[in-house]
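The sequence and structure come first.

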Amino acid sequence: MNTAAFVVIAIFTLLGALAAATLPRLIHAALSLVVGFVGLAAFYILLGAEFVGLVQIFVYVGAVAVLIVFTILLTRREATERDPFNWLGAIVALAVFGGLLWTISHSDFVWQAHVPNQDLTVRRIGDALMTAYIWPLLCVGVLLTAAMIGALILVYEEK
Amino acid sequence: MPGEALDQIFVRAKGSILSLLSGAPEWLVQIVSALISITALLVVFPGLFALISVLERKILGRFQNRYGPNRVGPFGLLQPLADGIKMLIKEDVVPTRADKTMHFIAPIMMLIPALLALSVIPYGRNMTPFAIDAGILFLFAVGSTTELAVFMAGWGSNNKFSMLGAMRAIAQMVSYELPLIITVLPVVMIVGSLSGDAIVAAQDGYHFGIIPRWFVTTPWGATAFLLFFASGLVESNRTPFDVPEGESEIVAGHMTEYSGFKYAIFFMAEYLGMFAISGLGVTLFLGGWHAPIKALEIIPSYIWFFAKLSVLLFVFIWIRGTLPRTRIDHIMNFAWKFMLPMSFACVLAAALWHFQAGGLRGWLWSFALIAVIYAGLSRLLQTGRRFAPRTYRFAE
Amino acid sequence: MSLGLILIASSGLFSIGLLAALSRRHAIFMLIGIELMLAAANLNFVAFWRFGPPSPNPHGALFAIFSIAIAAAEAAVGLALVIAVYRHYRTTSVDRMTQLKG
Amino acid sequence: MNPWLLAQFLWIIPAIPLAASLVVLSLKSSRRKTAAAIAIGGQVAALILSIAVFVSTLGAREYRAFFNFTWFTAGYDHIQFGWLLDPLTAVMLVMVTLVSLCIFVFSVGYMADDEKFTRFFAYLSFFTAAMLGVVVANSLLLLFVCWELVGLASYLLIGFWIEKPSAAAAAKKAFITTRIGDLGFFLATTLAALLIFCGAMGKSGQFPLHVWLPDAMEGPTPVSALIHAATMVAAGVFLVARTYPLFAFGSVHGVTPSLTVVVWIGVITALMASLVAVAQVDIKRILAYSTVSQLGLMMVSLGVGGVAAGIVHLLAHAFFKALLFLGSGSVIHGCHGEQDIRKMGGLRTIMPVTFFTYAIGMMALSGVPLFFCGAWSKEAVLDATHHWPVSNLPWVLMIMGVLLTAFYMTRQMIYVFFGQPRSASAGAHESPSVMLIPLIVLAGCTVIFSVVLSPAWPWLESYLTGDHATLRWGDLLTSTVFVSLILVGAGIAAAAVIYRRFGGAIDPLQRAAPIVFRFLEERMWIDELYERTVVRFAKILAGLSDWLDRNVWDGFVRLFAAAGQLTGILTRGFDERGINAGVDEATTGARGLGWSVGRLHSGKVQGYLGVVAIGALALLLLLAWLA
């Protein structure tokens, strides 16, 4: 069942992402990006990192996507016009994908059957964050504050 | 305990159904039990929606000193049925310049999160449809996706009123999501878990044998509950925060271009969201399905839950019947200048309470803290122009 | 479901992100692409945590959480930049932003 | 108090001004009073502490305490930082803090109507902090760090009026020139004495690297006072004194090659500077050149082994030169920013206080005996030089230097204060008391110092060398006293005679020997020389690298294109011989190739991103192939 779920989710996610990358209209792209993110969250949950998945939805769908959408609204003039597509990039991306595939297929570590770690409980994450990762946590807090203020200053226009 | 059989009746029923397919593969059992819970949700809440929709109209009627709908069926209770039929057979208008797909998907996107959000709330003892470890987080996660749905509705119908309404809605939802979540933090901190069941379990028992141990009975809990409720009003776009669909300014906000069944779905989604918020409030602060008095624990838990829920819903309606609509910039200022600091104050107070190990001293300390911060804030927000001559700003 | 499959999926995600970042002119598209690439990286982290050696702290998952937080900050600042630039040049096409002069 | 404990907390003294500067920097530029208050308060605190330290060092002889701690450990060698407390440090501390305090107070008045007031004080405090750091530093590394900070601060201060292009240029000049020296110093932290001396030369404006000092006059006058009197220029001398053992290593009765170099450099500097000073007309430039010459004097004294004498002269000089600079500042302030002494004159009556203090400074500088500290310290230096075994030439030259000093100082005095008021000094006025008080204080110090310095009771000198001072009246009448007395008298008299009836017209000397005068006035064309050589060379280098740059960047694009065109031409030749028309395709193809490679260098982010991706891919494959 796991593998089946995996395949479904993978197709879902990748299609969403592909749509986000290729759709001519920005707004559609942004929304299909949301689809991709939801798929990714499903991935996390499938991998037993339920919390991470929920955070993914919460942050990306709830915050980042809304931000993007708002930006699209504020830069309306171009949001509605069709965006040109550069095929050179497609070639490069394909090449990179090929290279990654090749390396993955040639690494035997990843194909061994590993016994998966048991699912991640919120409590464990909390403990880790409050003990071993306390400094990173604080740093991220500071970073987010700084980013917020910086963003405000950037978009602030004094009348 | 006496009412145990009655209390667990639904749980037992589900168990017996599942026991039918013993020997079936484990995943099949999972799916079936999920389906059962889903059907239950799909039966109960739309029904509740229908009921509430008519009750609201009747109650509002009383408020406004008139009869509500009282023609269809006994006491007009079949009114929602009639409305439903009307909605179904109405023509579904889609603007030509609209973005068809988005226009179509929006209501669905609106409905899904509401339903999902309802699926993690403990409705009674052992009656949580999907008891996941991070239930509250799940609820907020899916709840936060409604903003996108609103946006799709606004953008999809390609109409400036819709767009304006959507932007207003998103703006206020985003800004009030913070207080909403931060007011939940203290509860989570005290309980030490994100799952609804654990939170409800933590509110079991009574202070001094009488006062129930609901979080609302603690100073921080009470404050947090009030803030939570206010933010809930905003999140579900109810009066006095219903500027997104303020018909006096922008016809019906993001729902302007919707008619017939799609509109019905929007309507329903809004109410389901309201239920979800109220249910969450009950779970977090009002002791979930616990009975207020020890003697009354005979009455089944789910009844208590729905009783509390309906009280909250009544308050929703009451407020709608009483308060006028607020101005958007006032809403925003309120969110950032008052709600947010106050909710942080709640977090602090909860921490204080925790380190005083509850009890009277904790009670006093956290109360004092909140009082001080509240006083400071209100002093700060004194603009002094309160009684100054009013200045009118006109649109150019 | 083995580690390899997930890695393939994430590499696909990464390449799609790269595609978006490379071949679209709109700044927001580039941002989307970058977000996708970050997401792919996160997926790898989680996957390696899941199938890696057991450890007291779930480092991979935590790393993913942190990088999500940082990605959020990045998105906020990036979009703010897009808006600021748009105000100034009246364009969001990365090709037409050709001068540093204010 | 226990010296070691004392040494441990020595860092507080530099820390206070640093903190002050940071606080001031964070203030709004409208909070002028607060800024000045904080900065000056910091100075006062530092001064009190330094005096406390100084007093506590008085009792013991051979007082020497230090405090080391490991900053970090790189491999096996520990990077040691630390503080050193000995008489030299103590004296320098007091001197620096006292003088800069005066300067701070002065600049409250001087910068009163400058909109960057607060920032000015921030910079000043920062500078003082760095200087104190140099003084207390123990390890060469820490010394170097503070040294660079001093350089930075002086850069900021000299270029304070950055909107004046000349100021900006001067700042750059000072920065770069001192850097050239510091490069030597930096090497010196691993190498030996002479390189250290390079650094000293840079900071103390010794002969080859002196050019920046006069230009540094573009800064506000208090800055000039701070940098060119008290602190920065002294840093070089201080450095040499501090590392004197390195110089004196393996000396044959006090003579080593490096010391000899020091001596000759010093002599050349002293003489040249005082010659140039004779022909300058900018009041501050004259002082600057006199500073250079005095520093040369100190260097010589160090070189010939009179370390104590040198330091004593350094201290004395710090006081009276600060006095002079502040005096000139007051004059400039009075004359509404005019610096050309030809336009002044007759200020004697208009600004009496400035005149008297200035006169004291002038007499101290030109070494009028008995009551002015400059004289005694100069005596000591001359004395030391006189007993230098190697040769007598330095002594002779320095005698001339002294003569010239007396001469040009008198010239300046006459120009500025005597005769009739001329264009600039017509509307002059006396400066506010906030500017005059520092002048008086410094003048007082100058006179008082002459007591503790006099050879009759060489208290300070013996304090530095660590033995007791004894009262010997006879030493008042060393041979050199008469010599210098005569010289000073001669100098003053000459100047007085020459400029007696000077009416602001053309300079008598110029009338007498125009070419020479021009030569001196143009500062011996040394700047021009550098312009021709060093700068030109640098420019060439820059041009070269630029050229390389271009070709490195799109060289191979051009190559492709060129190759394409070449093929094109060749094939056209073939064509014309009517061989093959299809070769055209090849040429166009090649050209297209060149063009497409050129596309790589479009300033487009995405192009670069793509290249990065390809590069990463290549690395990946390479890695996989290696494994």
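The buried residues of α1(A) are A:A10, A:T13, A:G16, A:A17, A:A20 and A:A21; a residue is buried if 20 or more other C-beta atoms, placed from the backbone, lie within 10 Å of its own, exposed if 12 or fewer, and partly exposed in between. These residues cover an arc of only 140° around the axis, which puts them on the same side of α1(A); the arc is taken from the directions from the helix axis to the C-beta atoms. On the other side of α1(A), A:A4 and A:I11 are exposed. The buried residues pack against α2 (26-46) of chain A together with α1 (3-23) and α2 (27-51) of chain C, where contact means C-beta atoms, placed from the backbone, within 7 Å.

This is a predicted model: local features need pLDDT of at least 70, side-chain atom pairs count only at pLDDT 80 or more, and totals for chains, interfaces and linings use all residues. Residues are numbered from 1 along each chain as its sequence is written, and chains are lettered from A and ligands numbered from 1 in the order in which they are written. Helices are DSSP runs of H or I with at least four residues, numbered from the N terminus.

The contact between chains A and C draws on both as follows.

| Chain | Residues in the contact |
|---|---|
| chain C | 60 residues |
| chain A | 73 residues |

On the chain C side, α3(C) gives the largest share, 21 residues.

In chain D, α2 (residues 12-25) and α5 (residues 117-136) pack at an angle of about 160°, with their axes 8 Å apart; axes are lines fitted to C-alpha atoms over the stretch in contact, and angles run from 0 to 180 degrees between N-to-C directions. The two helices are therefore roughly antiparallel (angles over 145 degrees).

Terms used. Two residues are in contact if their C-beta atoms, placed from the backbone, lie within 7 Å. Angles under 35 degrees count as roughly parallel, over 145 as roughly antiparallel, 65 to 115 as roughly perpendicular and the rest as oblique.
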